[in-house]
Structures are given as structure tokens and as C-alpha cells.
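Please work through each task before reading its solution.

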Amino acid sequence: MPKNSKVTLAPSKEAVTESVADLLALEQPMDYKSSQMSMGLSPGATAPGKGLLPSPDADGEDGRPSWNNKLEYILAQVGFSVGLGNVWRFPYLCQKNGGGAYLVPYFILLILIGIPLFFLELAVGQRIRRGSIGVWNYVYPQLGGIGVSSLMVCGFVGLYYNVIIGWSIFYFFQSFQFPLPWAECPMRRNGSQAIMEPECEKSSATTYFWYRQTLNITSSIDDTGGLNWRMTLSLLGAWIIVCMAVVKGIQSSGKVMYFSSLFPYVVLLCFLVRGLLLKGATDGIAHMFTPKLEKMLEPQVWREAATQVFFALGLGFGGVIAFSSYNKRDNNCHFDAALVSIINFVTSILATLVVFAVLGFKANVMNEKCVVENAEKILGYLNTGVLSRELIPPHINFSHLTSEDYSEMYGVIKTVTEEDFPQLGLDACLLADELNKAVQGTGLAFIAFTEAMTHFPASPFWSVMFFFMLINLGLGSMIGTMTGITTPILDAFKIRKEILCVVCCIIAFFLGLLFVQRSGNYFVAMFDDYSAGLPLTIVVFLENISVAWIYGTERFMQDLQDMLGFRPYSFYFYMWKFVSPAILVVLIVATVIEMAVSPAGYNAWIEAEGSERFMNYPPWALGMAYALILAALLPLPIVFIARRFNLLSDGSNKLSVSYRKGMMKDISNLEEQDEQRFILGKGPNEAPSPSPAHRPYLGPGGAQEMTNTSYGTSTKTGYQNIGSPESQL
């Protein structure tokens, strides 16, 4: 090529803000196999060599960290998606919504929205190699607030999620005792007599230990009660563990994932084997999976199934995108999406088997206790003449009374003494009633499960294993949450990751003191109900719209083909384009309606009654709850308006430090390389578009064109089409 050949702009009234040097610096060798995505095409058009982000010659050359191996990455994604919700939320929903029948809508929605949207997040993160803020700035700058909203939600969730890890740490250390400290109600002296603690007598030993000795909870959210120092120390320990796990980025968190992701499966399998050997375990599992098919016709069941699918995979948090951004660009993220989703589903089933095997055992123990207590009442009535001995079937032996014998005796007494029966105060003691007592969340982990473990042989061992499992499940999710926070910041600013991680953890600890007050449990419930649900659903809906409708589903499919080496199934095209957005809209509307219809409140622990009571939020607390939603969603309109009216620069042009290093390397070698590699293909018809692959900002107007002049030939290629989103910036 002649030395005096040059690249010139065809005459145009519109100014192009990128210089020729920028174009040459950002132009890549023509490699159709690794061609990239570009917003510089009109909707529906595709072309080789264009993409969301220009790719350095090799993944490792842009200075961005990468996973040591594929196993570390898969374990990180599994650790992030498989969390406490799989253990204490999915079994509850399964029991509440029809047992085995609930698995049908859950699996259908996993296929329709779970895997497609998980695949979408993996693909954009891997392709662009940025955190959530950088990704959506590149896809469509006016919706760059998506990434900021994700970061805000990650912050809110991380604050209270680590408190739960702190509770688990407290119970973990309390488990090194025999008998377990929650096995029996404490006694206190009343003069010369020892009496049972009244609050414990009215509730149960495990309930008392949770509310009084662990949380030392107040009776309302208005009464803060000051800091609970034991929970404060536990929270400090939790943040130290998290900080140590993430301080080196994926180099440290990847190693932690080998243990934190795999150990919970070892514990679950041990619990399953032990649980199946317990009396009544099969009753619990049979009750769990007995399908109630009529439940499948209720819209509420489908809404809760969609919500669980949505949160089980960690969609919208930014952690999925952050983890995948450290992958090589030719990684098969389609396989990863299917694999992690299936592992998540299987884990939920495994956890459900474990939970209901143990709860089936607990139900049998409680049922036997009920039979003994009521049999003693009947004996008292027989001895005092209140009941006639003729009412007792002759084959019944009170010294060896079974549940079936009691049920028969109870039925006879109820039939004969129909009018006076309520005054006797006898319970039916039905096993099904015990199994139908649905519990979830902290009620399952810290009350029901702990009570069941007190009846295990070698109960301290199983308690240590259980709470160590909860710590690891929480840690895996917290690593993903912290990565979702730190990765976008590291992409945007030149900060040492060690300093950023430590500062974030210190700030989070002090903000988390809100949750370790004596009333802190009420704030945990508030943040859980309001800070993530609706904001995350809207965030993922906008992610879907950005890719499927603004960028273009067909172009995205073509880019995936370039990246993966094969074209994904057409199934994903229709899911991203039509089905997933429609389901998300329905989910958003249903969530808003539920919030409007359901009273906003919390379950307060009333010490005098030894039970929970639903109370409405006071005005200040209700304002705080809605402020969480507003704070998470506010970046969306702010960034949109600011960029729409050019009040904020186009974030897509702010290259990360790591990418800029790779770009400057190309510039420094420009004069030494064949210019034909950067400007022309083998012939005029093969010339690559000189459009900067990072979608330069143009003012509104028509398309600019580039003219490649060499050897007297001129080839024109569209620089930016009128219909593309950037022309409207």
C-alpha cells in the first residue's frame, strides 16, 4: 500500500467526534471468527467484525483478571445462585403451593424465563468484559442506570444478608455444647422454688432461645433497644470472613469457592441419609410430594414460582455479569447457563427432601408428645368420674398407647360427649396437622430445624454441620454480591481492589449496625420485603428490553454465533423477544398489586404472650420501606434524562484502564504493521467498516460515511445509520 494513502471523511454537515487516529487505534484485524457486536447498525442488520466492544488480540492481554480454570468459574456461579433461599424458601413454597404439583409451574418458568435470562446475563458479561454498569452503558447509554440500580440493590441485600451469616456464626459456636442450649427451657429462682421461664413456657425452648437469648428482641420496631453486643461481634466476624474471601478479587474468591460451594452438598447428603433413617422421615417426604393438582390453577402459585425462579438464579444483582466478565470470550456460556440452572434446581429438590425428612421426624415426635399429654388428661377425667370408662375401647392400653389408638379413643369420646366435648380441651393430635405447619426463613433454620436436631443422637455434631453449611451457603452468595458491587467500580476507576474491598466492608459493617439492634430483626424483614423484589424485577425487564428490542435480538443471536462458534437455538430468540418480557411485565404488575392490597407490616414478638403478632408499620417505617424501592429505582430515570439531554457524558466511551492498555498497545505498533490489516481487507469488497467498535457518540442527524481511498478506488461504508439508538443520543 502506498505511503501517502489515507483515510478521509466524505463531506458531511455533521461533525464526527472521533479522529482518524482513534479509528486506526480501535480497528481490529479482520477475524470473522472473533467478530464483535456493534450498535452502529440499524435494527435487524448484521455484519462481521462489529460488536459491543472491541476485542484485544488475546483475552489475557487486556490486563483483566481471569479465572484459573473453568471449574472455579462454575463453582463461583453455583455458589452465588445456590444460597439460603434454596434451603429455607423453596421447601416452604413447595409445601404451601401444592407439594409435588408446585414443581410443574416452577420447572416450566425455569425454562421460559430462568435459563434464557441467565444465559443473556452470562453472554453480555462475557462479551463486554465489564461489570454491570459498564455493560449497560455500552449496550445503550440512556439505560446505563440499570447497572447503578443493580449496584444499589446489591448494597441493600449485602447489608442484611451478612447479618444472617452473623446469626449462623453465633449458633455455630453455641452448638459446641451438650446438651444444646436451646434443648430445654431455662429455669429461674423464685424464692426457694425453681420455676420455668414464663416466656419460654408459653412458646418453646428453641423459640425462646432465638427471640430472647439470641436477638433479645423488642416488642415493636419503634423500640430500638440499643445494640445487641453478641450479634454485633457476630456481624463483625461475618464481614471479616467476607473481606478475606474477596480482598484479592477472583484470585482469592475462586479458591474459597472450592470449599464454600461444595461443602453444603456434603452436609445436605449427610443430612438426607441420616434423615431417612429417622422415624417419620418418609411421612414428611410423602406429605411433601403428594401433588395437589387443583393448586396449579391458582395464579398466586405461578406468581410465587416465577419470583422464586427469578431470585434463585441471582438475576439482576450484577454478580452473574461480574463473574462472567472474567471469562475468555470463546467460553461456552450457553452450556454454563443450562448447567448452573439445572444444578440450582436439583439443589432445591435435594434441600426439600432433607428439610421434610427432618420435619417429618419432628412432626412424629411432636405428635407422640401430643398423644401422651392428652392421654394423661383422659386418665385424669376417668379417675375423677368426668368420663365413663365404658367410653374407652377394651383393647386400648394406656401404657403402650399408639397414635392410632388415641385417634380411635378421641373419636368415640367426641361422638358421645358432643355437647360437653369442647370443655374437655382435648386435641386431635393428627400427624397431618403437624406436617401442615409451614415455616420458612429464619423460622425454619433457627426454630424448627434446631428443635428437630435436639432429638437427633449426637445432636451437637449435626448442629455444627448444619450451621457451618448455612455459613458457607451465605458466603458463596455474599462473594457474588460483593463482586457485583466492586467490579463495576474497578472498571470505572483506577483503584486497588484490596483497598476498595476493605473500605466497602468497613462501611457495610457500620451501616449494618442497624440490623444488630434489639429491633434489628424487624429491619431485616423490611429490607428483605422491599429492597430487592420490585426493583430487581424492573432491572431485569429493562435488561431484556435493552438487548432484545433496542440492540436487536437478531443481531444479538449473530454475535453469539460469532462468539460461541454456533448459533443458539431459535427458542432463545422468541423467549428474549416476546415471552420473557411478557412474563416479567405480568410479574411486575402482580407485585405492585400485592403491595397495594396487602397491609404493610411485620411480625412482632410479644414477650408477655410468648408469640408473634402482626403489626402495621408506623408511618416513619413505612416511609423508610418505600424509600428503599425509590432509592434502588431512582438511577434509572436520572441517567436516562441526563443522557437524553446531554447532561451526562456517554458512559460507553469511557474505556476501563485494563482495556485502554490493550488499545494503546495497538496504537504503539500501528506504524510497524501492515496498514492494510487495519483499513482494508484483501479487496475493496471485503473492507471492514471503519466504525469504531465502541460506538462513538454522534450528534443527532443522518449517517456519516467513511471513504477508504487507495489505488484510485473508493469504498463507502455506513458509519452510523439514522435508525440506530446512538443517533438519538
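**Exercise 1.** Which residue lies over the face of W549, and at what distance from the ring centre?

*Solution.* The model is a predicted one. In it, K577 is placed over the face of W549, 4.1 Å from the ring centre. A second case of this arrangement is R555, which lies over the face of Y551 at 4.4 Å from the ring centre.

**Exercise 2.** Classify the aromatic pair of W88 and F446, and locate both residues.

*Solution.* Step 2: for W88 and F446, the ring centres are 6.5 Å apart and the planes meet at 55 degrees, so the pair is tilted. Step 3: W88 belongs to helix α3 (residues 84-88) and F446 to helix α20 (residues 441-453), so the pair ties together parts 358 residues apart in sequence. Step 4: W88 and F446 are both buried.

**Exercise 3.** Carry out the analysis for Y211 and W605.

*Solution.* Step 1: the centre-to-centre distance is 4.3 Å and the angle between the planes is 10 degrees. Step 2: planes under 30 degrees apart count as stacked, so the pair of Y211 and W605 is stacked. Step 3: Y211 lies in helix α9 (residues 205-214) and W605 in strand β4 (residues 601-606); the pair therefore ties together parts 394 residues apart in sequence. Step 4: Y211 and W605 are both buried.

**Exercise 4.** Is T384 buried or exposed?

*Solution.* Step 1: T384 is found in the loop between α16 (333-383) and α17 (403-416). Step 2: its relative accessible area is 60%; exposed means over 50%, so T384 is exposed. Step 3: a polar atom of the T384 side chain lies 2.9 Å from the backbone oxygen of G380.

Methods. Residues numbered from 1 in each chain as written. Predicted model: local features only at pLDDT ≥ 70, side-chain atom pairs only at ≥ 80, totals over all residues. Heavy atoms only, no water. Helix = DSSP H or I, 4+ residues; strand = E, 2+ residues; numbered from the N terminus. Buried < 20%, exposed > 50% of the residue type's maximum accessible area, 1.4 Å probe, protein only. Polar contact = N/O pair within 3.5 Å; in protein donor to acceptor, adjacent residues only side chain to side chain. Phe/Tyr/Trp six-rings, centres within 6.5 Å; stacked < 30°, edge-to-face > 60°. Lys NZ or Arg CZ within 6 Å of the ring centre and 35° of its normal.
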